[in-house]
Amino acid sequence: IYNVQNNQVYGEDHFTFFSTPFKLREAALQKYPEVKNASRYSDESVTISLGDKHLAKNGGYVDSSFLSMFGISLLRGQASSALNQPGQIAVSRKLALAYFGSIDVMGKSLLVDKEPYTIKAVFDDLPENMQFSFDLLLPFESYYKKYIAYDSWGNNITETWVQLQPGVQLATFNEKL
């Protein structure tokens, strides 16, 4: 699994960064048979509300393939269906306990930035050494709707991660990409 880096050259200046266009995920899946799976990832601080309880937390907007690609350990729910519809979320064990006192929260609702979401999965708390840091995962479609105006090849607004097919040589794929 690799984070696609964007290389741009302006005169003699070279810039490399992790932001990529929204369109890269679909293009990678359609154009390159070497790509087994792909997911976009954008993090954003969100306010999670239930009744009088309102907490600011780290949210990650991802494509439905993210859970299985990264082997996120689910305590409740199925990776294949947890984030494949708008209005669904996956929450951490810690978040479920903070709001409901239990991890048996499937089908319960939370407001995320004042929008209702239904819990479709509970994942184990992330290890400290993981590159990502989030308390809940939301469908990428929710993020896309907020920033649809930036949907062009010229705007770099999200990270894109690709999972290569077994046996694919990274150097060869990089040349092709």
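Gly-51 has its place in the loop between S4 and S5, where the names of strands (E, at least two residues) and of helices (H or I, at least four) refer to DSSP runs, numbered from the N terminus. The model is a predicted one, in which local features need pLDDT of at least 70 and side-chain atom pairs count only at pLDDT 80 or more, while totals for chains, interfaces and linings use all residues. Residues are numbered from 1 along each chain as its sequence is written, and side-chain values use heavy atoms, with hydrogens and water left out.

With a relative accessibility of 60%, Gly-51 counts as exposed; the word exposed stands for over 50% relative accessible area, buried for under 20%, and partly exposed for what lies in between, with a 1.4 Å probe and protein chains only. The C-alpha atoms of Gly-51 and Val-168 are separated by 50 Å, and the two residues are 117 apart along the chain. Asp-52 is also found in the loop between S4 and S5, the latter strand covering 53-62, and Asp-52 counts as exposed because its relative accessibility is 78%. From the C-alpha atom of Asp-52 to that of Ile-157, which is 105 residues away along the chain, the separation is 33 Å.

With these distances in mind, we can turn to the protein as a whole. It has 5 helices and 11 strands. Its radius of gyration is 17 Å, close to the 16 Å that the globule rule gives for 177 residues, so the protein is as compact as a globular protein of that length; this radius is taken over C-alpha atoms, and the rule is 2.2 Å times the number of residues to the power 0.38. Taken along the principal axes, the box that the C-alpha atoms fill is roughly 55 × 35 × 30 Å. Of the 177 residues, 39% are buried. Contact means heavy atoms within 4.5 Å, and among contacts between residues at least 6 apart in sequence, 67% join residues at least 24 apart.

Next, consider strand S8. In a regular strand the side chains alternate between the two faces of the sheet. In S8, which spans residues 109-112, Leu-110 and Val-112 form a covered face, and Ser-109 and Leu-111 an uncovered one. Strand S4 (residues 35-50) runs antiparallel to S8 and is joined to it by 2 bridges, and two strands are said to pair if DSSP finds at least two bridges between them. Val-112 of S8 is the bridge partner of Ile-48, and in S9 the partner of Val-112 is Glu-115. S8 and S9 (residues 115-123) also run antiparallel, with 4 bridges joining them.

The hairpin of S8 and S9 has 2 residues between the strands. Asp-113, in the loop between them, has a phi near 50°, a positive value in a residue other than glycine, and counts as partly exposed because its relative accessibility is 34%. Lys-114 is found in that loop between S8 and S9 as well; its phi is positive too, at about 70°, although it is not a glycine, and at 76% relative accessibility Lys-114 counts as exposed.

Finally, we come to two buried residues. Glu-34 is found in the loop between helix H1 (24-31) and S4, and because its relative accessibility is 18%, Glu-34 counts as buried. Leaving aside neighbours within four places in sequence, Glu-34 is in contact with several residues, including Gln-163, Lys-176 and Phe-173. Phe-173 belongs to helix H5 (residues 170-176) and is buried, with a relative accessible area of 4%. Not counting residues up to four places away in sequence, Phe-173 touches Tyr-32, Glu-34, Val-35, Leu-164 and Val-168.
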